[in-house]
Amino acid sequence: MQHHVLSTIALSNGLALALCSVYVLNYDGDSEPVMKWSEGGFMVPTDIFEAAVLHYSVMAVCACQHSARFETKTLWWHFKRRSWDDRLSPAKQRFWCRVCRSKLRRKVRPERLEFVAWAKGDFELAWPDEPTWKEAVRRVR
């Protein structure tokens with residue numbers, strides 16, 4: 001198992017600034033990394049749970065250019081209750097376009113799923129209860 005070292009510069013206010021894009025957690029080469037860092041030193045989510053922790057939304061975009069945005073805490077809870085994989089590539093198979101479904105009478109999977117900034121009006125599914133959500137967040141800290 002390889003360990004990646006995060007190169008940082010210590011700042012006077014006690015914070016650290018990342019110098020390059022590296023993985024923070026262990027990565028064994030067979031599975032996807034848990035959390036990535038951008039060149040600017042920001043965390044980049046790799047699955048729906050990480051996006052929820054970082055306050056992103058998930059946007060599904062169909063070939064017909066119809067798109068829908070989902071609030072990630074509720075989406076994560078929806079996936080967790082069903083024991084579905086919440087990484088983007090497997091999660092993509094759990095979505096379909098409602099517009100294409102009504103026109104073509106078959107499920108059309110989205111062309112892409114992407115993480116976008118949260119905005120008012122994102123679709124919300126059933127929320128997890130507060131102790132469940134806090135326990136999940138506590139496990140990644």
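A salt bridge, as the term is used here, is a side-chain nitrogen of Lys or Arg within 4 Å of a carboxyl oxygen of Asp or Glu. The structure holds 5 such salt bridges, and one of them joins the side chains of aspartate 122 and arginine 69, with 2.8 Å from N to O. Aspartate 122 lies in the loop between strand 7 (112-117) and helix 5 (130-140), whereas arginine 69 belongs to strand 6 (residues 67-71), so the pair ties together parts that are 53 residues apart in sequence.

The model is predicted, and local features need pLDDT of at least 70, side-chain atom pairs count only at pLDDT 80 or more, while totals for chains, interfaces and linings use all residues. Residues are numbered from 1 along each chain as its sequence is written, and side-chain values use heavy atoms, with hydrogens and water left out.

The protein chain has 5 helices and 7 strands, where helices (H or I, at least four residues) and strands (E, at least two) are DSSP runs numbered from the N terminus. Read from the N terminus on, the elements follow the order β-β-β-β-α-β-β-α-α-α-β-α. Of the 141 residues in the chain, 33% count as buried; buried means under 20% relative accessible area, exposed means over 50%, and partly exposed lies in between, for a 1.4 Å probe and protein chains only. If contact is taken to mean heavy atoms within 4.5 Å, then among contacts between residues at least 6 apart in sequence, 49% join residues at least 24 apart.

Glutamate 130 counts as exposed at 52% relative accessibility, while lysine 134 is partly exposed at 44%.

Helix 5 also has a buried side, which is formed by Trp133, Ala136 and Val137. These residues cover an arc of only 95 degrees around the axis, which puts them on the same side of helix 5; the arc is that of the directions from the helix axis to the C-beta atoms. The face turned away from this buried side carries the exposed residues Pro131, Arg138 and Arg139. The buried residues of helix 5 pack against helix 1 and helix 2 (72-81).

Phenylalanine 49 is buried, with a relative accessible area of 10%. Leaving aside residues up to four places away in sequence, phenylalanine 49 touches Trp76, Asp86, Trp133, Ala136, Val137 and Val140. The C-alpha atoms of phenylalanine 49 and valine 137 are separated by 8.9 Å, although the two residues stand 88 residues apart along the chain.
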